[in-house]
Amino acid sequence: MTVDPSEIERTGRIIYCAREVEAALRRLGATGTGLGELSSSVRKLLPESMMRDIHHLTAIRNQAAHEAGGAASPPDMISFEAMCGHLLRGLNDLGQAQRKHLERHSPKPPEQEELEAWTREFRSRMRIAACIPMLNWPFFTVLIFSGLWHSLKYWCALILQLLALPLFYGGQRYEEPIYWAAGAGLALGAWVWGILLLTAQKPRPAWWNCLPVVNGFRLAFEALRRMSWSRWLVGLIGLALDIWAVVEVFRFSWRNFAVGMGIAYVIGLAAVVIWGRIPKPEDAPEK
């Protein structure tokens with residue numbers, strides 16, 4: 001009896017697809033030993049079209065595994081594998097939706113509930129502070145921080161690289177090896193950090209973005225691109241007006257004090273109305 005190698009290969013591909021679907025069903029919480037039992041245990045979660053595909057897959061898998069010459073012909077394998085791919089994507093989407101639902105409705109630990117309660121209280125107080133003249137500077141400070149949130153790590157890596165330049169200058173001017181060693185260590189650490197930040201992106205940037213100097217320019221570009229400019233500018237302008245008004249008090253220029261505080265007060269009210277609440281740092285969309 002001669003065995004067709006192509007038939008063995010097709011049978012193996014069919015069984016492999018069936019096992020992948022079984023694994024996806026178990027990740028959904030299915031119980032049982034075969035595709036039929038697994039799909040029946042989570043039938044309430046699966047749409048009818050998906051159940052039909054699973055029944056069709058079960059029939060083909062049983063035919064390929066238990067009947068001689070039962071593997072599908074090559075033209076059928078193309079549509080069969082396409083159906084399995086579509087079925088796996090649907091099951092994975094269901095699994096992600098189920099995990100998000102469980103995370104959203106699962107009981108939170110006391111520490112997390114306490115932190116969330118503190119955060120809500122802080123946000124409400126910041127909203128109130130934005131509506132009080134001379135006390136709205138914390139609101140503007142949070143706005144500035146919110147605008148910088150997604151770009152902070154890029155700014156930090158870039159600033160560390162720039163801080164190495166004065167050390168190199170000190171080593172050149174005073175001819176002290178300690179300056180060169182400190183500058184080289186700081187520059188190397190900041191450069192490695194920049195490489196890690198860029199390679200963690202999806203899609204990864206071109207390799208030449210990891211070169212020294214070029215890496216710094218790319219970090220500056222990423223930091224500027226990820227900033228929430230509207231919140232950062234509103235917070236910066238409001239805080240600058242508050243500081244200017246306080247300085248004018250020491251100059252006994254009450255008119256300038258009133259103008260600065262008045263404009264900052266209007267900006268704070270407008271920010272609360274536009275955004276509806278004190279913005280969280282993670283509210284700023286990451287690009």
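**Stop one: a cysteine on the inside**

Start by selecting Cys 84, which is buried, with a relative accessible area of 1%. Keep in mind that this is a predicted model. Search the whole structure and you'll find zero disulfides.

Next, pick Leu 57. Beyond its neighbours within four places in sequence, Leu 57 is in contact with Cys 84 again, along with Ala 18, Val 21, Leu 35, Phe 80, Met 83 and Leu 87. Leu 57 is also among the residues with the most contacts inside the largest nonpolar core, a set of 25 residues. Colour helix 1 (5-27), helix 2 (35-41), helix 3 (48-66) and helix 4 (74-105): each supplies at least two residues of this core. Helix 4 gives the most, with seven.

**Stop three: aromatic pairs**

The structure holds six aromatic pairs. For one of them, select Phe 168 and Trp 180: their ring centres are 5.7 Å apart and their planes sit at 40°, so this pair is tilted. Phe 168 belongs to helix 7 (residues 152-174) and Trp 180 to helix 8 (residues 177-199).

Finish with Trp 254 and Phe 257, whose planes meet at 85°, making the pair edge-to-face. Trp 254 is exposed at 52%, whereas Phe 257 is buried at 17%.

Conventions
Residues are numbered from 1 along each chain as its sequence is written. This is a predicted model: local features need pLDDT of at least 70, side-chain atom pairs count only at pLDDT 80 or more; totals for chains, interfaces and linings use all residues. Side-chain values use heavy atoms; hydrogens and water are left out. A nonpolar core is a set of buried Ala, Val, Leu, Ile, Met, Phe, Trp, Tyr and Cys residues joined through side-chain atoms within 4.5 Å. Buried means under 20% relative accessible area, exposed over 50%, partly exposed in between (1.4 Å probe, protein chains only). Helices (H or I, at least four residues) and strands (E, at least two) are DSSP runs, numbered from the N terminus. Contact means heavy atoms within 4.5 Å. A disulfide is a pair of cysteine sulfur atoms within 2.5 Å. Rings of Phe, Tyr and Trp (its six-membered ring) pair if their centres lie within 6.5 Å; planes under 30 degrees apart count as stacked, over 60 as edge-to-face and the rest as tilted.
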